[in-house]
Amino acid sequence: MRVLMFGWEFPPHIAGGLGTASYGLTRGLAALNDIEVLFVVPKAWGDEDQNIVRLIGANTIPVAFKTIRYSSTLRSVEKIEVGSKLVPYTDPEDFWKMTRSNISDTDVLLNTNNEGKIEFSGSYGATLLDEIQKYAIVSSVIASENQFDVIHAHDWLAYPAGIAAKAVSGKPLVIHVHATDFDRSGGNVNPQVFKIEKEGMEYADKIITVSNLTRDIVIKKYGIKPSKVQTVYNAVEPMHFTEVTKPFRGVSDKIVTFLGRITMQKGPEYFIEAAKMVLSKMSDVRFVMAGSGDMMEKMIRRAASLNITDRFHFTGFLRGNDVFTMLGMSDVYVMPSVSEPFGISPLEAMQSNVPVIISKQSGVAEVLTHAVKVDFWDIEAMADAIYGILSYPALSKTFVQKGKEEVDKLKWEKAAKQVHDIYLRVVK
Amino acid sequence: MSSPQKKALCLYFEVHQPFRLRRYRFFEMGNEHYYYDDYMNESIMRKVAELCYLPANRLILDLIHKHKGKFRVTFSLTGMVIDQFRLYAPEVLDSFREMASTGCVEFLAETNSHSLSSLTNREIFMRQVSTHRNKMIEYLGVEPTSIRNTELIYSDEIGSWMADMGFKATVTEGAKHILGWKSPNFLYCNTINPRLKVLLRNYQLSDDIAFRFSNPGWSGYPLTADKYAGWLNELDPASEIVNIFMDYETFGEHQKKETGIFDFLRYLPDAILKKTPYNFMTVTEVADAFQPVSVIHVPSPISWADEERDLTAWMGNDLQTAAVTKLYSLSERVMSCGKEALIRDWIYLQASDHFYYMSTKFFSDGAVHAYFNPYDNPYQAFLNYMNILSDFEIRLNSECPESDHDTELARLNKSVEARDEIIRQLELKVSKIEKEYSLIQKKVGSEKPVKKVGARATGVKGKSEKKTTEIKKSKAGSKR
């Protein structure tokens, strides 16, 4: 069975959980015997691991002056060349920062083929939506030039691509909901994004959600028939390095870590309030907020006004191995997300032998037993759990031991088998 | 004394409710010293009283009057359930007192707080049993002659303590792994002190009532008193006693009224007395009436809990072990302190239920463990309990500084002694090394050892420097 898969990012060029999850799933699928995956991203860099999939960059497909006939509408569309400047988040500020810092992206834009070249408008919303549409157009070219049995599109950025591919080929479309705009925006949804998401869900033959939490949102907020939506939980790649060395710690204090984007969705303010409570009872503990985001400055101000800056540290954005070093130094990992469709990072913490506290408003809470689960707003419970793990060694020990056993059982192969079953059903 | 025809059916019911703890956060430590969820305790007690204790007591009293002394049962009431009756359901205590006055009901002794003290040491265990014995005399007007331990925990050693306290008999599980080919349907005695008789629970016939009674998928369903009497007749004709032990809450709570459990109990005495050679006897009566057929060897403790019939329900994981160890590490000091409020909490904190809630077996074999469990999971149970225990320790330290001082002194003395010993040994080593050193110097005359010492010193210095810079760095980061 051949799968035409549309994603938005592929390791090592990933900005968040979406890339990790779609890569993990692809690896799991590749391990199954009869599956071949063609993975399409808007921009291929050339250094991606292509052992398990054939990776196609939309930016490498010559599309100028081709005419594509849509099977449903019989409308002809003239194709255009595409250059890509892409991020998987709708937050304007994030996008603005990325545009500013990544000069090379701008270069790419300018370097596109003269013929059919497109000017980007410059404003955030228009540009990203523009890119999504261009991606969709290229995808129809790819769909018409390749043989496959099923289309699989990851998250809203790739839905239009999936729709276009289905329109051209008539093959069944599976969309994979890693997040919805309700998670990202805290209920304040962008109507254009909502429209793309809803169209994707309606056009799809089957919808995969990463948790029942997300499944409920898809059913309730987007009005999708429950029988069409199925949950397939994410998993985690086994640790690459065999020996987990505890990195050198400059301080003897215990370390409690928040690791993620400092945005409303991740609930950083609850972490700070809980830190304040713990610090009022314990002295030998430090709190670390690792990551960056639009709420960072506000959080620094809050920590200052609570007078805990001597014990509360901000690291800024962490990359690659720094993430695992930070986890390795931690005694507790806290994920107080307000709305988290899944949340792979607690699993990585558990792999690093760190006890985790997660919010009940996260999809990962549905699969974990050996983790403390609290409501994101319940700072008392969160503080209590932090205190308990730091103060009672038996608790920490049990979490580490049982947590490791538990997380080792969460394999992508299992998720891939479920996805394979879904393929078989839609292909029939 | 026993004649071949005489057989006994021994019904024994356990009555117990723990004082469940309220949600207690760490920041309350040192400020709040009230630990109990009064609302939950009262509402559960009222509910169980209405569903079970009151109607079941009424029925048993009726049966006693109806059968004029031929229907006899044994109960055990923990000290905690008596306290809760007094607080929330005094009429239940009245009806137990009425039962005691009929002479057909025996009440067993046990540890006052349904505790695991039998697993710690003899002295704590004995003290708790005598507290309970006094409570029985005070509230029920009876002095127990036989004893049961928490959750029927029993071992040869625990049995010998019971014998030392003068008890005639005890009850425990007829666990397969201790019985082997033997049958639970005879009287046994303790290995160390044969004066203590041991009655073993027939778990098959007990669980037919306690667990399977209302299960429509069970081959014995529906169970009637006549059918049950028939099963007794099918037992090996040599069987002398059948011990049916269960939670009293089986009647009306575990098995609801609608299942017909009360009707079963209502017709059971008639069916047994008329259709079988069995007579109802209480635990002590069985011990007096029968001869033990052999000793029963129980080298390590057993209980009536779970499939394993061991202690893993309370002491099976690191959390439970840590909590139990911490709790009993305070026992000496609590006893020497003697403050009433502290002792009351000390008693209530010992209830085995608190540790039962921490069982991680809960994840696999949850149904029974989840029963009346106030916690979502074992971690929460542990966290809450340890917070409370920490506050308890803070109180102990502040309320009884004297004894604290004494133990501290003793501890310091001990450590001084230990240090002296270490110093002596080190001195020996040093003199030995010095000798060797002077020998080497004579032979070689090199400076190597001195260099080595110097290198080590700088190494240490380097490390500490790194530490301070690290801290500075992180401080700078937070200011940004």
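A residue counts as buried when its relative accessible area is under 20%. By that rule, helix 14 of chain B, which spans residues 340-349, has several buried members: B:Leu342, B:Asp345, B:Trp346, B:Ile347, B:Tyr348 and B:Leu349.

The buried residues of helix 14 of chain B pack against other helices of chain B, namely helix 2 (79-88), helix 12 (318-329), helix 13, helix 15 (352-356) and helix 17 (378-399). Helix 13 of chain B runs over residues 331-337, and B:Ser331 lies in it. Because its relative accessibility is 4%, B:Ser331 counts as buried. Leaving aside residues up to four places away in sequence, B:Ser331 touches B:Ile124 and B:Trp346. B:Trp346 is one of the buried residues of helix 14.

Chain B as a whole has 480 residues, of which 52% are buried. Its secondary structure consists of 19 helices and twelve strands. Of the contacts in chain B between residues at least 6 apart in sequence, 76% link residues at least 24 apart.

B:Cys10 counts as buried because its relative accessibility is 0%. B:Cys189 also counts as buried, at 6%. A disulfide is a covalent bond between the sulfur atoms of two cysteines. Counted over all chains, the number of disulfides is zero, where the sulfur atoms of a pair would have to lie within 2.5 Å.

Chain A has 428 residues, and buried residues make up 59% of them. It contains 15 helices and 15 strands. Of the contacts in chain A between residues at least 6 apart in sequence, 68% join residues at least 24 apart. Chain A exposes about 17500 Å², and carbon and sulfur atoms account for 51% of that area.

The confidence of the prediction can be followed along chain A. The mean pLDDT of chain A is 81, and 81% of its residues reach 70 or more. One covers residues 63-92 of chain A, where pLDDT stays under 50 and the model has 101 contacts beyond four places in sequence. The other covers residues 98-125 of chain A, where pLDDT also stays under 50 and the model has 36 such contacts.

Chain A holds an open sheet of seven strands, in the order 3-2-1-6-7-8-9, with parallel pairing. Strand 3 (54-57) and strand 9 (229-231) of chain A each have a single partner strand, so one side of each has no neighbour in the sheet. On average, neighbouring strands of this sheet are turned by 25° against each other, direction ignored. Within the sheet, strand 6 (residues 150-154) and strand 7 (residues 173-177) of chain A pair in the parallel sense over four bridges. A:His152 stands opposite A:Val174 of strand 7.

Helix 8 of chain A, residues 212-221, lies across strand 7, strand 8 (206-209) and strand 9 of chain A. Its direction is at about 170° to that of strand 9 of chain A. Helix 7 of chain A covers residues 191-203 and includes A:Pro191. With a relative accessible area of 61%, A:Pro191 is exposed. The C-alpha atom of A:Pro191 is separated by 9.3 Å from that of A:Asp181, ten residues apart along the chain.

A further open sheet in chain A has six strands in the order 12-11-10-13-14-15, and here too the pairing is parallel. Its edge strands are strand 12 (312-316) and strand 15 (372-374) of chain A, each pairing on one side only. Neighbouring strands of this sheet are turned by 20° against each other on average, direction ignored.

With strand 11 (residues 285-290) of chain A, strand 10 pairs in the parallel sense over six bridges, and the bridge partner of A:Thr257 in strand 11 is A:Val288. With strand 13 (residues 332-335) of chain A, strand 10 (residues 254-259) pairs in the parallel sense over three bridges, and A:Phe258 has A:Val334 as its bridge partner there. Strand 10 of chain A is mostly covered, with five of its six residues buried.

Definitions and conventions:
Residues are numbered from 1 along each chain as its sequence is written. Chains are lettered from A and ligands numbered from 1 in the order in which they are written. This is a predicted model: local features need pLDDT of at least 70, side-chain atom pairs count only at pLDDT 80 or more; totals for chains, interfaces and linings use all residues. Side-chain values use heavy atoms; hydrogens and water are left out. Two strands pair if DSSP finds at least two bridges between them. Helices (H or I, at least four residues) and strands (E, at least two) are DSSP runs, numbered from the N terminus. Axes are lines fitted to C-alpha atoms, for helices over the stretch in contact, and angles run from 0 to 180 degrees between N-to-C directions. pLDDT is the predictor's confidence in each residue, from 0 to 100. Contact means heavy atoms within 4.5 Å. Buried means under 20% relative accessible area, exposed over 50%, partly exposed in between (1.4 Å probe, protein chains only). Accessible areas come from the Shrake-Rupley method with a 1.4 Å probe; for residues, only the protein chains shown count as cover.
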